[in-house]
Amino acid sequence: MDTLQLLLSGLSEALTLENLLMAAVGALVGTFVGVLPGLGPTSAIAILLPVTGVLEPTQGIIMLAGIYYGAMYGGSTTAILLNIPGEISSVPTCLDGYPLAKKGRGGPALGISAIASFAAGIMGVIGLVFFAPVLADQALRFGPPEYLALMLLALTLMVSLSGGSFLKAFIMGALGYVLALVGLGPSSGMPRFDYGFAKLVGGLDMISIIIGLFAITEVLKGIEEKRVTTVIGKPGSVYPSKADLKQSAGPAVRGGLVGFFLGLLPGCSAAITSFLAYDLEKKVAKEPQRFGRGALEGVAAPEAANNATSSAGFIPLFSLGIPSSPPLAILLAGLMIYGLTPGPVLFEQNASFVWTVIASMFVGNAMLLVLNLPMVWLWVKLTRVPYGIMAPIILVFCTIGAYSVRNSLFDVLVAFLFGGLGYLLNRYKWPVVPLVLCFILGPLLEESLIQTTAMSAEGLALVLQRPISSVILAAAAVLLVISLVLNRRTQLRVQQERERGIDIT
């Protein structure tokens, strides 16, 4: 009852005009930066952090939090309509969202994305309200061996993302891991694979690679195909049918649960949870061959996962002062600027602040749903702009996005180089998603491997001796076998359908 009373008290504060305005500003800015490739919540929050100096603590943090979870909503828009993920966590959404748009189902896909995001966001905030102390304590039980096992489990996704050729997926995954090794070593602090080139000491930027492999590649494909407009076919109604909602309800719930519980772990970003949620849906689907060709489940699950992850990240932030992602690290700096120390003391000494911010997340998620569904038509209309005009605009935003992360023209060059690479890979049917996945997981895998071997003289055997890590490893082995079986079964079904002359594209 105390929790409910505190939440209701916070809700009354969140509904004041000033706090509503800050939630609306945060939601709109977050959606905007989510739509633009490269300009993610980390950059936006960092840019606007000085603005908090003229705002009250509650208003400032409400606005910054709104930018964070608002960007999770916006990232799916261009992923579905243009095959350009606005956020790294929206990469899995491209796999089925863009095929749906090409089939004239872009409207329902965007609607399902918004609804799944809203449902998972609310689910995450409910978890934040009732389970913050308990869940944060359990998350601390994860040490390097558990993270190592979790990263190995995530690597089993390569089988599901192979696109029919496991060898190609393995090669692309290995390439992604090698690219992640460029820069400073996590244990030695010494440059590696820089070949005397100073710009490589800082490593390759993930945003630049994503922009190149997806956004610039898509522009090059459009030029080759001599497209007239960005999307082929009418997008359809943005409001999904009852059948669409029924079809997407289960995936949204499962994706939300995956995103929420893994989002409690520092370093387990929305990019990782969205891939895991997508892979889970592909495994439980009755017709896994539909994935990658336009399955609504492939949109609902990753979108629910990344929004639940953003909400779950506030649990270790508020309860323990541990940021689970770069945007939350900047939010932690915002709290420190205001003289607010995260932890149990924060709930005791600044209860009004904490519960007002938490309540504002309910309000902010509702705002995002109300704003995004009508605004979908604005984004859809942009896809009707002649491609000769749209392509240069996309390239301009790609350049700005790649440059803005580290203010480096080298990152812009990297983006365009990977754009050319992505074009060639796409032309010769090589999957790029395993490369992205292993580039994301590579640093986490290497760091946890080094820390695990340093913890004990027994080395990697420690992973098998700890209960949680051994269970995760066993789950990884089981999932690998299931993935191989399902992948083989999917290939056989596709082959049979082709032999019968059924269009599966």
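Begin with helix 10 and helix 19, which cross in a right-handed sense. This is a predicted model. Show the two axes: they lie 6 Å apart, and the packing angle is about 55°. Helix 10 is therefore oblique to helix 19.

Now display the residues that make this contact. On helix 10, select S208, I209, I211, G212, L213, I216, T217, L220, K221 and E224. On helix 19, select D411, V414, A415, F416, F418, G419, G420, G422, Y423, N426 and R427. Colour the selection by class, and the contact of helix 10 with helix 19 shows 10 nonpolar, 7 polar and 4 charged residues.

Select N407, in the loop between helix 18 (387-406) and helix 19 (409-427). Most residues other than glycine have a negative phi. N407 has a relative accessible area of 56%, and because exposed means over 50%, N407 counts as exposed.

Move to Y195, in the loop that runs between strand 2 (191-192) and helix 10 (206-225). Y195 is not a glycine either, and its phi is positive, about 50°. With a relative accessible area of 73%, Y195 is exposed.

From there, go to G185, located in the loop between strand 1 (183-184) and strand 2. Is G185 buried or exposed? Its relative accessibility is 6%, and since buried means under 20%, G185 counts as buried. Leaving out residues up to four places away in sequence, G185 touches M190 and R192.

The last stop is N19, in helix 2 (residues 17-35). N19 is buried, at 6% relative accessibility. Which side chain does the side chain of N19 meet in a polar contact? Show T16: the two side chains make a polar contact at 3.2 Å. To see the other surroundings of N19, set aside neighbours within four places in sequence and select E13, A14, T58, Q59, I62 and T356, with which N19 is in contact.

Key
Residues are numbered from 1 along each chain as its sequence is written. This is a predicted model: local features need pLDDT of at least 70, side-chain atom pairs count only at pLDDT 80 or more; totals for chains, interfaces and linings use all residues. Side-chain values use heavy atoms; hydrogens and water are left out. Helices (H or I, at least four residues) and strands (E, at least two) are DSSP runs, numbered from the N terminus. Buried means under 20% relative accessible area, exposed over 50%, partly exposed in between (1.4 Å probe, protein chains only). A polar contact is a pair of N or O atoms within 3.5 Å; within protein, one must be able to donate a hydrogen and the other to accept it, and residues adjacent in sequence count only if both atoms are side-chain atoms. Contact means heavy atoms within 4.5 Å. Axes are lines fitted to C-alpha atoms, for helices over the stretch in contact, and angles run from 0 to 180 degrees between N-to-C directions. Angles under 35 degrees count as roughly parallel, over 145 as roughly antiparallel, 65 to 115 as roughly perpendicular and the rest as oblique. A crossing is left-handed if the near helix is turned anticlockwise from the far one by less than a right angle, and right-handed if clockwise. Ala, Val, Leu, Ile, Met, Phe, Trp, Tyr, Cys and Pro count as nonpolar, Asp, Glu, Lys and Arg as charged, and the others, Gly among them, as polar.
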